[in-house]
Amino acid sequence: MYEVVAREEMADGEIVSNEILAPQIAKKAKPGQFVIMIANERGERVPLTMAKVDKEKGTITVIYMVVGKSTRLFSSIKVGEGFRDVVGPLGSPTHIEKKDGTVICIGGGTALAVLHPITKAYFEAGNRVITIVGARTAKHLILEDEMRAVSTEFHICTDDGSKGYHGFGTDVMEQVIAKEKIAEVVAIGPVPMMKYTSSLTKKHGIPTVVSLNPIMIDGTGMCGGCRVTIDGKTKFACVDGPEFDGHQVDFDGLIRRLQAYNLEERCSDNEYCKLND
Ligand code: FES
């Protein structure tokens with residue numbers, strides 16, 4: 001069992017953070033890598049990126065939105081209880097280096113959990129980092145202080161204008177691009193946001209990294225469930241990614257594959273909610 005040592009609810013319980021004791025994983029984890037977790041012996045395998053790693057305490061922190069049966073099950077696990085299995089670290093780490101120019105880190109929703117360690121690594125490597133974070137509303141904004149602490153310049157955007165700029169992060173990104181030399185953009189969030197960001201940066205010729213979140217099963221390159229099309233070639237996000245060149249990703253194909261089990265997921269969630277009413 002992988003014990004939950006701390007648990008926090010955000011956005012009125014819609015978003016949950018779990019700090020989990022996993023010393024072997026914490027020892028090896030690098031920014032950009034993820035774990036696959038199951039709640040119990042009959043649980044679904046869920047890939048989640050590590051938002052924080054504390055090598056001294058031997059813990060990793062994952063943050064997820066409660067959207068279906070598996071994440072409801074995850075959120076029911078209390079401090080002192082645990083996850084049946086946590087496998088990792090999986091995937092290729094982010095390639096971090098000092099860039100000749102500014103790095104923009106842009107992201108939204110719970111994907112800020114993925115963006116945070118990457119932003120921190122770019123900042124600690126001596127880069128000028130402009131961070132643009134977005135959320136539906138002020139209460140859905142996570143890791144604000146943590147992201148601010150690792151940014152040279154920090155912007156908040158909300159869909160409803162309840163905090164920061166009223167609108168999309170890409171509007172702010174365009175203003176930043178107009179003002180200074182950008183060496184790289186790291187965009188992590190909902191697929192349409194990554195698609196739009198990549199199409200904008202392509203026009204400006206700015207290298208862009210995105211982190212993809214296809215359905216995964218084994219997480220080790222054997223099942224093919226996580227396949228994505230990159231520059232016309234099939235790649236497995238779990239071993240070749242999860243990060244790819246945003247200008248080469250077939251985002252429409254990824255959106256189709258992510259929707260493949262929508263109906264089954266809804267039925268399973270309804271059944272779980274009825275049973276636990
Ligand atoms: S999850 Fe099976 S190949 Fe990637």
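Domain bounds are taken from an automatic or database domain assignment. In this predicted model, that assignment divides the protein chain into domain 1 (2–90), domain 2 (94–210) and domain 3 (212–277).

Consider how domain 2 and domain 3 meet. Their C-alpha centres are 23 Å apart. On the side of domain 2, 13 residues are in contact with 14 residues of domain 3. Together the two domains bury about 1,100 Å² between them, and 64% of that area is on carbon and sulfur atoms. Three residues, Val191, Lys195 and Val210, supply 50% of the area that domain 2 buries against domain 3, which is more than any other three residues supply.

The interface also has polar features. Nine residue pairs are in polar contact across the interface of domain 2 and domain 3, with both residues of each pair at pLDDT 80 or more. The elements that give two or more residues to the side of domain 2 that touches domain 3 are α6 and β13. Of these, α6 gives the largest share of that side, six residues. One salt bridge is found across the interface of domain 2 and domain 3. Elsewhere in the contact list, the side chains of Asp252 and Lys195 meet in a salt bridge, with 2.8 Å from N to O.

At the start of α8, a side-chain oxygen of Asp250 comes to within 3.3 Å of the backbone nitrogen of Asp252.

A last stop is Asp54, in strand β4, which runs over residues 46–54. Ala26 is 28 residues from Asp54 along the chain, yet the C-alpha atoms of the two are separated by 6.5 Å.

Key
Residues numbered from 1 in each chain as written. Predicted model: local features only at pLDDT ≥ 70, side-chain atom pairs only at ≥ 80, totals over all residues. Heavy atoms only, no water. Helix = DSSP H or I, 4+ residues; strand = E, 2+ residues; numbered from the N terminus. Polar contact = N/O pair within 3.5 Å; in protein donor to acceptor, adjacent residues only side chain to side chain. Contact = heavy atoms within 4.5 Å. Buried area = accessible area lost by both parts, 1.4 Å probe. Salt bridge = Lys/Arg side-chain N within 4 Å of Asp/Glu carboxyl O.
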